[in-house]
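Welcome! Please take a moment to look over the sequence and the 3D view before reading on.

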Amino acid sequence: MTERVYNFSAGPSMLPLDVIEDAAKNLANYNGCGQSVMEMSHRSKEFQKIIDDAESCLRRIMNIPDNYKVLFLQGGGTLQFAMVPMNLMTKSGKADYIVTGTWAKKAAAEAKKFGDAKVIATSEESKFTYIPRVTKDDIRPDADYVYIATNNTIYGTHFCEDAVPDTGDIPLVADMSSCILSEEIDVSKYGLIFAGAQKNVAPAGVTIVIVREDLLGNAPENIPTYLDYKIHADNGSMYNTPPCFAIYIAGEVFKKIEAEGGIGKMNAQDVAKAEKLYNYIDESKLYKCPVENKDDRSLMNVVFVTGDADLDKKFVAEAKEEGLVNLAGHRSIGGMRASIYNAMPMEGVDALISFMKKFEAENL
Ligand SMILES: *Cc1c(COP(=O)(O)O)cnc(C)c1O
């Protein structure tokens, strides 16, 4: 078997090796119960403990207030693009979207199927290289919610605290698929947060939804049962069979974060990794980060280009030979993207920078 590579994929992406190895040890016989988590009934005592522990640990590490429900759903971030308007765009039928990348754009397009979804700000004209600042005056006072994608996985941008709009009493909805657990946030500022797990949490298959209780129960009666958040809240995420194995791994990742000092500690490591990489890119003559405003740069997805598409391809191919894999930018924009989620160790970033230096020396 070849050694494990440094995987810079945007998702599915690296998981902590100790979590994988521990899961492997328990794979056929979980904690001596005689069966695998992949096999056990979701109604069993063992699985009930797994999901309860996962939820309570997430509540502790994210400091989630009691008036919020935590749901473990399926369908990825993409299904949330529809579930959010179906459940929340139900009073005035209006919702305001800040479009800072492909995912937010898709979410806005989906919401238009259900009502008056308005793009109140976008950075599309500059290829999504910055985060527009929105004030209360930009928001329609009767909007049912305001929507953002906190971290833009494809373009490598992120809403810093100052850029997160103050929406007053209007619920703020945030897609945190590619940055959940990477920074401490005040959950009470949000009406609803969602995140597909396969970027910074667990294998694909589970989507975390954190929703304020008063936003539940307003969905029209004719929507499919599965798409009503209240059904899942009332049934402890077990209205139907949940993605058991992915929830189990998510719980193990939450426990590890807690044991290692919490999200603040993760954030310090993430900042150190990202700063090292951005500093090198800014100093180098070959590479350039298209996101010029440093406050808007993502800690999780570092996007860079050489300015020559063929050289970018050569970079990605040669990096792969060195065990630095999945460095190609998203197929829609090209260039390079190094996704450095929580599970990417500093050694991976160091190995990438050494390779970038060598490549620069050979190709400049
Ligand atoms: C990956 C991603 C999505 C889509 O997630 P799926 O789970 O594949 O549906 C949505 N939003 C953001 C910010 C993402 O990074």
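Buried means under 20% relative accessible area, exposed over 50%, and partly exposed in between, with a 1.4 Å probe and protein chains only. This is a predicted model, so local features need pLDDT of at least 70 and side-chain atom pairs count only at pLDDT 80 or more, while totals for chains, interfaces and linings use all residues. Residues are numbered from 1 along each chain as its sequence is written, and side-chain values use heavy atoms, with hydrogens and water left out.

**Helix α7**

- The buried residues of α7 are I263, M266, D270, K273, A274, L277, Y278, Y280 and I281; helices (H or I, at least four residues) and strands (E, at least two) are DSSP runs, numbered from the N terminus.
- These residues cover an arc of only 160° around the axis, which puts them on the same side of α7; the arc is that of the directions from the helix axis to the C-beta atoms.
- Helix α7 (residues 263-283) has 21 residues, which at 1.5 Å a residue should span 30 Å, and its end C-alpha atoms are 30 Å apart, which agrees. The expected span is 1.5 Å times one less than the number of residues.
- The buried residues of α7 pack against α2 (45-62), α6 (244-259), β11 (301-304), β13 (336-339) and α9 (346-363), where contact means heavy atoms within 4.5 Å.

**Y278, a residue of α7**

- Y278 sits in helix α7 and counts as buried at 7% relative accessibility.
- Leaving out residues up to four places away in sequence, Y278 touches G156, C289, R297, S298, N301 and V302.
- A polar atom of the Y278 side chain lies 2.6 Å from the backbone oxygen of S298. A polar contact is a pair of N or O atoms within 3.5 Å; within protein, one must be able to donate a hydrogen and the other to accept it, and residues adjacent in sequence count only if both atoms are side-chain atoms.

**Two other buried residues**

- S182 is found in the loop between β8 (172-175) and β9 (192-196), and is buried with a relative accessible area of 2%.
- Not counting residues up to four places away in sequence, S182 touches N200, I263, N267, D270, M300 and N342.
- T157 belongs to strand β7 (residues 157-158) and is buried, with a relative accessible area of 0%.
- Beyond its neighbours within four places in sequence, T157 is in contact with residues including T100, F128, N151, V291 and S298.

**Helix α8**

- The buried residues of α8 are L311, D312, F315 and A319.
- Seen down the axis of α8, its buried residues fall within an arc of 105°, so they line one face of the helix.
- On the face of α8 turned away from the buried side are the exposed residues A309, D310, K313, K320 and E321.
- Cover for the buried residues of α8 includes β11, β12 (324-325), β13 and α9.
- At the start of α8, a side-chain oxygen of D308 comes to within 2.9 Å of the backbone nitrogen of D310.
- Just after α8, G323 takes a positive phi of about 80°.

**The ligand**

- Among the residues around the ligand are G76, G77, T78, W103, D175 and K199; a residue is near a molecule if one of its heavy atoms lies within 4 Å of it.
- Helix α3 (residues 76-88) gives the most to the shell around the ligand, with four residues.
- A polar side-chain atom of T153 lies 2.4 Å from an oxygen atom of the ligand.
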